[in-house]
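Biologist: I am new to this model and would be grateful for a close look at a single part of it. Please begin with the terms and then describe that part and its surroundings in order.

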Amino acid sequence: MAQIIIKSRLTEHGTVPFSFEAGWPYLLGLLADWKVWIGGLGLVASSLFWYAGVSRIPLSVAFPFAALSYPLIFAGSIVFLHERFSWQSLAGNGLIVLGVMLAATRLP
């Protein structure tokens with residue numbers, strides 16, 4: 001959700017400028033937006049949960065599950081940001097889920 005919140009706020013504030021003169025007012029506008037702060041706190045929380053998980057399970061098991069962020073962001077961007085759906089993207093995200101399932105399966 002943090003990525004979706006941040007994307008929605010960046011869309012509201014406009015394209016990030018690359019010039020120093022335009023960058024400061026833009027940055028101050030972002031810092032004044034409480035929803036940007038919520039998104040940032042979400043990023044911090046997700047990092048803490050990631051570190052907690054990685055400290056408990058092997059990285060070779062945990063890391064494939066990090067790839068599930070792609071299908072979750074794909075679905076969230078369609079539902080919450082009203083971004084364009086495509087069957088090709090759905091198929092690609094389905095392959096990611098299949099790959100995670102294969103990586104997480106232990107054969108006897």
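Modeller: A residue is called buried when its relative accessible area is under 20%, exposed when it is over 50%, and partly exposed in between, using a 1.4 Å probe and protein chains only. This is a predicted model, in which local features need pLDDT of at least 70 and side-chain atom pairs count only at pLDDT 80 or more, while totals for chains, interfaces and linings use all residues. Residues are numbered from 1 along each chain as its sequence is written, and side-chain values use heavy atoms, with hydrogens and water left out.

Just after H1, Gly 14 has a positive phi of about 100°.

Within H1, the buried residues are Ala 2, Ile 4, Ile 6 and Arg 9. They pack against helix H3 (34-54) and helix H5 (69-81), where contact means heavy atoms within 4.5 Å.

The pairing with H5 can be followed in detail. Axes are lines fitted to C-alpha atoms, for helices over the stretch in contact, and angles run from 0 to 180 degrees between N-to-C directions. The axes of H1 and H5 come within 10 Å and cross at roughly 45°. H1 and H5 are therefore oblique to each other, since angles under 35 degrees count as roughly parallel, over 145 as roughly antiparallel, 65 to 115 as roughly perpendicular and the rest as oblique.

On the H1 side, Gln 3, Ile 4, Lys 7 and Ser 8 meet Ile 73, Gly 76, Ser 77, Phe 80 and Leu 81 of H5. These contact residues divide into four nonpolar, four polar and one charged; Ala, Val, Leu, Ile, Met, Phe, Trp, Tyr, Cys and Pro count as nonpolar, Asp, Glu, Lys and Arg as charged, and the others, Gly among them, as polar.

Ser 77 lies in H5 and counts as buried because its relative accessibility is 8%. Leaving aside residues up to four places away in sequence, Ser 77 touches Ile 4, His 82 and Glu 83.

Methods. Helix = DSSP H or I, 4+ residues; strand = E, 2+ residues; numbered from the N terminus.
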